[in-house]
Amino acid sequence: MLLKKVIETKNLTRIFKNGEIEVQALTNIDLIIYEGEFVAIMGASGSGKSTFLNILGCLDKPSSGDYFLDGVHVNKLSKNQLADIRNQKIGFIFQSYNLLSRTSALENVALPLVYNRTDRFNNPKELAQKALELVGLKDRIHHKTNELSGGQQQRVAIARALVNDPALILSDEATGNLDSKTSIDVADLFVQLNNKGKTIVMITHEPEIAQFAKRMIYLRDGAILTDEIIQNRNTKEKALKDLELTVQPFNK
Ligand SMILES: Nc1ncnc2c1ncn2[C@@H]1O[C@H](COP(=O)(O)OP(=O)(O)O)[C@@H](O)[C@H]1O
Ligand SMILES: [Mg+2]
């Protein structure tokens, strides 16, 4: 079977210029990610993780080099075309959930479909409900998001990222604001989505969360230091057990 390339970057470089000061955030990144992969990106603060993910998510453009998303040469697209490709092919999840607070979970999730300029989706509410069921929020769909816990809000954000059935899910520190137990739940949700065929690229600085992925890329100073298959993947059961072992002594 021929594997489909969801992401391909060639010599990807991003330089930020602020007056006299230049920051080389990414240097010559060559990377291929195939359909169905689940990739964790790690690296110290400032190593270029968010810059890279923003380019992959068509929120930013490289200074030089090429990016192909699902076979489309992104460099050549106009601003409007970029917005369209983002709407159609990408689900983005951030550390801050970026939800409308006094609006129901259902409406938050349905919103991207309203902005979608294709007529693929004529039943936004129905699709939003399905996405919320998928992330385990079936009984919370009419709650306003400010009435939900942090973990539930992140689930709403994940449902929103999923609702248009994107080819690619990108997550920048999705568990950064969550407690350990809730972080494990979210990582496990990513595993379930990946098992259903979703391609996922997830930035995290937590090794035990990265370990849920199938492949780990480590960035240093804007370049790929290592790129490896994860041998002993973490599972929810194991992660919860490890958590118990680290927490328990303090409870005694
Ligand atoms: N908009 C920007 N303008 C100038 N420098 C930036 C900008 N965004 C990021 N950088 C710089 O690029 C480097 C990589 O940043 P970033 O991708 O945010 O790293 P990470 O997500 O790994 O912490 C850092 O040195 C950062 O200061
Ligand atoms: Mg970052």
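Which residues in α5 meet which residues in α6? In this predicted model, Gly 150, Gly 151, Gln 154 and Ile 158 of α5 meet Thr 182, Asp 185, Val 186 and Leu 189 of α6.

## Helices α5 and α6

The pair consists of helix α5, residues 150-162, and helix α6, residues 180-195; their axes come within 10 Å and cross at roughly 20 degrees. That angle makes α5 roughly parallel to α6, and the crossing of the two helices is right-handed. By class, the residues of the contact of α5 with α6 comprise three nonpolar, four polar and one charged.

## Helices α3 and α4

Two packed helices are described by the angle between their axes and the distance between the axes. Helix α3 (residues 105-115) packs with helix α4 (residues 124-134) at an angle of about 120 degrees, and their axes are 8 Å apart. Angles over 145 degrees count as roughly antiparallel and those of 65 to 115 degrees as roughly perpendicular; α3 and α4 are therefore oblique to each other. Their crossing is right-handed.

On the α3 side, the contact is made by Ala 105, Leu 106, Val 109, Ala 110, Leu 113 and Val 114. The α4 side contributes Pro 124, Lys 125, Leu 127, Ala 128, Gln 129, Ala 131 and Leu 132. The residues of this contact divide into eleven nonpolar, one polar and one charged.

Strands of a sheet pair through backbone hydrogen bonds, either parallel or antiparallel.

Ile 41 stands opposite Ile 203 in β8.

## The four-stranded sheet

An open sheet of four strands has the order β2-β1-β4-β5, with antiparallel pairing. Its edge strands are β2 and β5 (72-73), each of which pairs on one side only.

Strands β1 and β2 run antiparallel and are joined by ten bridges. Two residues lie between the strands in the hairpin of β1 and β2, where Gly 19 takes a positive phi near 60 degrees. Phe 16 has Val 23 in β2 as its bridge partner. Strand β4 (residues 64-69) is joined to β5 by two bridges, and these strands also run antiparallel; here the bridge partner of Phe 68 is His 73 in β5.

## The surroundings of ligand 1

Phe 16 and Val 23 also belong to the surroundings of ligand 1, together with Asn 18, Ala 25, Gly 43, Ser 45, Gly 46, Ser 47, Gly 48, Lys 49, Ser 50 and Thr 51. The elements that give two or more residues to this shell are β1 (5-18), β2 (21-34) and α1 (49-56).

Helix α1 gives the most, with three residues. By class, the shell around ligand 1 holds three nonpolar residues, eight polar residues and one charged residue.

Conventions
Residues numbered from 1 in each chain as written. Chains lettered and ligands numbered in written order. Predicted model: local features only at pLDDT ≥ 70, side-chain atom pairs only at ≥ 80, totals over all residues. Near = placed C-beta within 6 Å. Nonpolar A, V, L, I, M, F, W, Y, C, P; charged D, E, K, R; others polar. Pairing = 2+ DSSP bridges. Axes fitted to C-alpha atoms, helices over the stretch in contact; angles between N-to-C directions. Parallel < 35°, antiparallel > 145°, perpendicular 65-115°, else oblique. Left-handed = near helix turned anticlockwise from the far one by under 90°. Contact = placed C-beta atoms within 7 Å.
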